[in-house]
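Here is a short report on one protein chain.

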Amino acid sequence: MHPEPARTVPTSGIGEILISSRSLAEYRGMFALTGADLAGKILDCPGGAAGLTAEVSALGGDATACDPLYGLLTPAELAAWARDETARGNRYVRAHPEQYRWTFFPDPDEHARSRLAAGARFAADLAGHPERYRAGELPRLPFPDRHFDLVLSSHLLFSYADRLDPAFHRAALRELLRVADGEVRVFPLVPMGLPDEYPELAWLRGRLADDGITTRLVDVAYEFQAGGRRMLVCTRR
């Protein structure tokens, strides 16, 4: 099952995907981020309405978010969209609490509070620093080769396995690695509403190996969606 349908915004093939607002604290957990990671040049793709870019920049870091929505809506529209999407996602977790682990968030109220705060940070930073937010859509991004030290990708590639086929996953990961000078980290590995990891993961890792890409699975100290406690780390050979 997926969250209730979103308002429709035309994109080139992604369709109705929840635009979520996650905080830097969540990103630290999802991607096992260290101080050294945050000191590098970071890409968040897709960035959605996450607070990562705003929070890293406020700490003196260098972060960029990339998402197709940045080219489709104004900052004010994106701010309203982020609030609506937070409410939509929160209604879903309240209706399906058995699909989640209430450790990072103790309850749905805290989930809503945290996501609203992250969305507000995103909206303020987007309005004040639009250059940090680039319109772009996988599997083709508007950045030069090896442009970022670290690339993070959350809640797209495997979350929507019912509508993004294995060929798309391969092409998207190759493109993310093209713009990375270091690692690409992807989280989570479980589709929305399911407890088990993406069933084509072994096939995908084999094809990436054919492309000269080394992959490994890493446990992280974060689990919100049941079963989502590992990330995929990709590097060039």
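In this predicted model, residues 24 or more positions apart account for 73% of the contacts in the protein chain with a separation of 6 or more. Contact means heavy atoms within 4.5 Å. Local features need pLDDT of at least 70, side-chain atom pairs count only at pLDDT 80 or more, and totals for chains, interfaces and linings use all residues. Residues are numbered from 1 along each chain as its sequence is written, and side-chain values use heavy atoms, with hydrogens and water left out.

The chain has seven helices and seven strands. These are DSSP runs, numbered from the N terminus: helices are H or I with at least four residues, strands E with at least two. From the N terminus, the order is α-α-β-α-β-α-α-β-β-α-β-α-β-β.

Of the 237 residues, 54% count as buried, that is, under 20% relative accessible area with a 1.4 Å probe, protein chains only. The C-alpha atoms fill a box of roughly 45 × 40 × 35 Å along the principal axes.

Helices α6 and α7 pack at about 45 degrees, with their axes 10 Å apart. Axes are lines fitted to C-alpha atoms over the stretch in contact, and angles run from 0 to 180 degrees between N-to-C directions. The crossing is right-handed, meaning the near helix is turned clockwise from the far one by less than a right angle.

| Helix | Residues | Contact residues |
|---|---|---|
| α6 | 166-178 | P166, H169, R170, L173, R174 |
| α7 | 201-210 | W203, L204, R207, L208, D210 |

Key
Buried < 20%, exposed > 50% of the residue type's maximum accessible area, 1.4 Å probe, protein only.
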